[in-house]
Amino acid sequence: MIQETIVITQNSSGVAHIAPMGIHIPYESQDEFIILPFRPSTTLNNLLESKTAVINYCDDVRVFAGCLTGRRDWPLKPVEKINGQVLSCALAHTEVELVRVEDDETRPKLFCKAVHTANHAPFKGFNRAQYSVLEAAILISRLNMIPLEKIQAEIDYLRIGLEKTAGDRELEAWGWLMTVIENFIAKDGVYAENLPGAGSAKAGINS
């Protein structure tokens with residue numbers, strides 16, 4: 001199972017790094033976590049150095065979108081059992097320690113175990129707009145790997161749920177992500193209205 005979380009690590013100077021990341025959790029053990037950061041990665045460097053991390057469960061999708069658009073200054077507070085920090089807006093968090101590493105040139109596997117879990121606020125469920133922002137954030141992170149036409153077609157579909165169910169937080173996060181696409185298109189000299197199969201992408205970006 002993969003859960004979309006926010007992973008917070010810190011270096012030897014105590015500087016925290018906040019990163020959205022899909023965490024693998026084996027079905028047979030809910031106390032084991034596999035973190036797979038790509039090289040090069042601040043998360044990877046910090047985890048190998050400190051041997052600890054904090055996994056945040058958060059329903060404020062602005063944190064996910066913000067971290068992908070240069071907005072990483074989110075309020076933090078110390079955790080209880082390890083030397084680390086947790087998002088102030090986290091609904092819950094798990095403090096983990098690194099147990100072993102399966103090295104890889106591209107994406108090492110970092111096997112961690114839980115040392116402490118705490119709940120901070122009730123989870124009231126995701127709406128479709130939150131899902132849309134999460135999926136759009138993943139697409140934005142792969143702009144250089146996926147054809148722009150495919151990304152735009154998926155964005156157009158995700159926008160349907162967003163427009164029906166979004167609140168202010170979701171609309172703000174979506175706007176950050178759409179600005180990234182707009183800038184990507186402008187940089188590459190691609191006119192979105194000429195992209196096949198997705199209608200007017202430029203109108204979607206500005207909506």
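Guide: Arg 128, Ala 129, Tyr 131, Ser 132, Val 133, Glu 135, Ala 136 and Leu 139 of H3 are in contact with Ile 151, Glu 154, Ile 155, Leu 158, Ile 160, Gly 161, Leu 162, Lys 164 and Thr 165 of H4, where contact means heavy atoms within 4.5 Å. By class, this contact of H3 with H4 comprises 10 nonpolar, 3 polar and 4 charged residues, with Ala, Val, Leu, Ile, Met, Phe, Trp, Tyr, Cys and Pro taken as nonpolar, Asp, Glu, Lys and Arg as charged, and the others, Gly among them, as polar. The model is a predicted one, in which local features need pLDDT of at least 70 and side-chain atom pairs count only at pLDDT 80 or more, while totals for chains, interfaces and linings use all residues. Residues are numbered from 1 along each chain as its sequence is written, and side-chain values use heavy atoms, with hydrogens and water left out.

Visitor: What makes H3 roughly antiparallel to H4?

Guide: H3 and H4 (residues 148–165) pack at an angle of about 160 degrees, and their axes are 7 Å apart. H3 is therefore roughly antiparallel to H4, because an angle over 145 degrees counts as roughly antiparallel, one under 35 as roughly parallel, 65 to 115 as roughly perpendicular and the rest as oblique. The axes are lines fitted to C-alpha atoms, for helices over the stretch in contact, and angles run from 0 to 180 degrees between N-to-C directions. The crossing of H3 and H4 is left-handed, a term used if the near helix is turned anticlockwise from the far one by less than a right angle, with clockwise giving right-handed.

Visitor: Why is H2 called roughly parallel to H3?

Guide: H2 and H3 pack at about 20 degrees, with 9 Å between their axes, and that angle makes H2 roughly parallel to H3. H2 also passes H3 in a left-handed crossing. Val 61, Phe 64, Ala 65 and Leu 68 in H2 meet Gln 130, Val 133, Leu 134 and Ala 137 in H3, a contact with 7 nonpolar, 1 polar and no charged residues.

Visitor: What makes one space a pocket and another a cavity?

Guide: On a 1 Å grid over the protein atoms alone, a cavity is a set of points where a 1.4 Å probe fits but cannot get out, whereas a pocket is an open set with protein on both sides within 12 Å along at least five of seven lines, and lining residues have an atom within 4 Å of a point. The structure holds 1 cavity of 30 Å³ or more, and the largest cavity has a volume of about 50 Å³. Its lining includes Ile 8, Thr 9, Ser 50, Thr 52, Ile 82 and Gln 85; S1 and strand S4 (52–57) are the elements that give two or more residues to it. By class, the lining of the largest cavity has 4 nonpolar, 7 polar and no charged residues.

Visitor: How do you know which elements and residues line the largest pocket?

Guide: The largest pocket, of about 780 Å³, is lined by 25 residues, with Pro 20, Met 21, Phe 38, Arg 107 and Ser 141 nearest its centre. S1 (2–10), S2 (16–24), H1 (42–50), H2 (61–68) and H3 (128–140) each supply at least two lining residues, and S2 gives the most, with 6. The lining of the largest pocket divides into 14 nonpolar, 7 polar and 4 charged residues. The second largest pocket holds about 290 Å³, and Phe 64 and Leu 134 are among the residues that line it.

Notes. Grid points are joined across faces, edges and corners, and a volume is the space filled by probe spheres set on the points. Helices (H or I, at least four residues) and strands (E, at least two) are DSSP runs, numbered from the N terminus.
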